[in-house]
Amino acid sequence: MSTDTNADTDTDDAGGHCSTPDSDGEVAEEIAIVSFERKLPVAEEIRAELADDYESIEILEYHGDVFAEHWGEYDCFVGLMASGIAMRKTAGLLDDKWDDPAVVVIDEELTWAIPLTGGHHGANQVAHDLSKLGAVPAMTTASEAAGKQGIESKAKALDAHVINGDSTVATNLAVLNDDLDVVERLDGPRAVLVGDDVTVMKRNDDGVVLGTGTVSGVRKAQVIEAWRAALDDLDLDVSDVEFVATATRKEGEEGLYEAAQEVGLGVVLFEKDTLLEHEGPTPSRAKELIGWPGIAEASAIAGGRDHELLREKERFDDAVTVAVGK
């Protein structure tokens, strides 16, 4: 079985955003803004704007050893300074991209937000979030520059983390060359022998999957209200959800993607053949008309760890159909 994973990555990511996972598979949530004394008011402005998006944002006043003193304490440093200063003060501290914190620099006028290191490990997302203040996020990682979703972002959409980080050089190159699209799912118990160019991902927390079908042109608010209503019936909330699952034919449905970004979830797209293998119990006219099974139930079952349906589909506001899988 295969899945096509689409997180909101320039909408990349998934608090009110989809954060790129850091090296331990969790989202990058602890941020430090490093600022010269005269720029502290700007640092406070940044913290106020992003406060709802991160677990913690602290402001550190700049001195020559500030990065070294706090290296490893934060997921991402935001340097309110010239890129050359941040580069010189952090270059000697860098060891491994899977362990190092991300580093972003932004100028005092909030014109440019530039990820220096850890683009796929928090820096790109922080730079994107800084665009709320008017800064242009200058992404230089190859997949983002080409408008494609790298392996780390695919893992984020699946609420998973990469086990063998060295493999991502090869697999991200395959993404860039359009040689890798879907992520294959293997259910165990099973033993797998892989090569150096195979990236292995492991899901993070055990949660539910929101299988979702929508009408064309659905609004963000309609989708969010439908998800919350479906979860309320199970005494669950958005924090219990691993990701949103739907069909490839819903790719690009703006209201759906905006809703997922709003609540901090990735979106996983399943192909028609996969959904046919996991058809739900409720009849759907779509199968008679266009050969697709009911999207909500099939995608909830396909995406769930146990391929089980917790809640059969329900249509909300004549616009959104939701089923819950596990």
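# Close-up views of a predicted model

**View 1. Helix H4 and its buried residues.** Ala123, Asn124, Gln125, Val126, Ala127, His128, Asp129 and Leu130 are the buried residues of helix H4. The model shown here and in the views below is predicted. Because 8 of the 8 residues of H4 are buried, the helix is largely enclosed by the rest of the structure. Glutamine 125 belongs to this helix, which covers residues 123-130. With a relative accessible area of 1%, glutamine 125 falls under the 20% limit and therefore counts as buried. Its side chain forms a polar contact of 2.7 Å with the side chain of aspartate 129. These two residues are four places apart in the helix; residues three or four places apart in an α-helix point the same way, because there are 3.6 residues a turn.

**View 2. Strand S15 between its two partners.** Strands of a sheet pair through backbone hydrogen bonds, either parallel or antiparallel. Strand S11, residues 208-214, is joined to S15 by 6 bridges in an antiparallel arrangement. Within this pair, threonine 212 stands opposite valine 322. Strand S14, residues 309-316, also runs antiparallel to S15, with 5 bridges between them. Here glycine 325 of S15 is the bridge partner of leucine 309.

View 3. The hairpin has 3 residues between its strands, and aspartate 317 takes a positive phi near 55° in it. Most residues other than glycine have a negative phi. Aspartate 317, which is not a glycine, has a positive phi of about 55° and is placed in the loop between S14 and S15. Aspartate 318 lies in the loop between these strands, and its phi is a positive value near 55°. Which exposure class applies to aspartate 317 and to aspartate 318? Exposed residues have over 50% relative accessible area, so aspartate 317, at 51%, counts as exposed. Aspartate 318 is likewise exposed, with a relative accessible area of 62%.

**View 4. The largest nonpolar core.** This core has 25 residues, and those with the most contacts inside it are Leu210, Val223, Trp227, Leu265, Val320 and Val322. Two or more residues come from each of S11, helix H8 (220-232), strand S12 (241-247), helix H9 (254-263), strand S13 (267-270) and S15. H8 gives the most to the core, with 6 residues. In soluble globular proteins, nonpolar side chains tend to be buried together. Apart from this core lies another, of 22 residues, including Leu50, Leu110, Ala113 and Leu133.

**View 5. Surroundings of valine 322.** Neighbours within four places in sequence are left aside in this view. Valine 322 is then in contact with Leu210, Gly211, Ala226, Trp227, Ala230, Ala296, Arg311, Glu312, Lys313, Glu314 and Phe316.

**View 6. Helix H8 and the elements it packs against.** The buried residues of H8 are Gln222, Val223, Ile224, Ala226, Trp227, Ala230 and Leu231. These buried residues pack against S11, S12, H9, S14 and S15.

**View 7. An open sheet with mixed pairing.** The sheet has 6 strands in the order S3-S2-S4-S5-S6-S7, and its pairing is mixed. Its edge strands are S3 (56-61) and S7 (136-137), each of which pairs on one side only. Strand S2, residues 30-35, runs parallel to S3, and 6 bridges join the two. One of the facing pairs consists of isoleucine 33 and its bridge partner in S3, isoleucine 59.

**View 8. The protein chain as context for the close-ups.** The protein chain contains 12 helices and 15 strands. Buried residues make up 50% of its 326 residues. The chain exposes about 14800 Å², of which carbon and sulfur atoms supply 46%.

Technical notes
Residues are numbered from 1 along each chain as its sequence is written. This is a predicted model: local features need pLDDT of at least 70, side-chain atom pairs count only at pLDDT 80 or more; totals for chains, interfaces and linings use all residues. Side-chain values use heavy atoms; hydrogens and water are left out. Two strands pair if DSSP finds at least two bridges between them. Helices (H or I, at least four residues) and strands (E, at least two) are DSSP runs, numbered from the N terminus. Buried means under 20% relative accessible area, exposed over 50%, partly exposed in between (1.4 Å probe, protein chains only). A polar contact is a pair of N or O atoms within 3.5 Å; within protein, one must be able to donate a hydrogen and the other to accept it, and residues adjacent in sequence count only if both atoms are side-chain atoms. A nonpolar core is a set of buried Ala, Val, Leu, Ile, Met, Phe, Trp, Tyr and Cys residues joined through side-chain atoms within 4.5 Å. Contact means heavy atoms within 4.5 Å. Accessible areas come from the Shrake-Rupley method with a 1.4 Å probe; for residues, only the protein chains shown count as cover.
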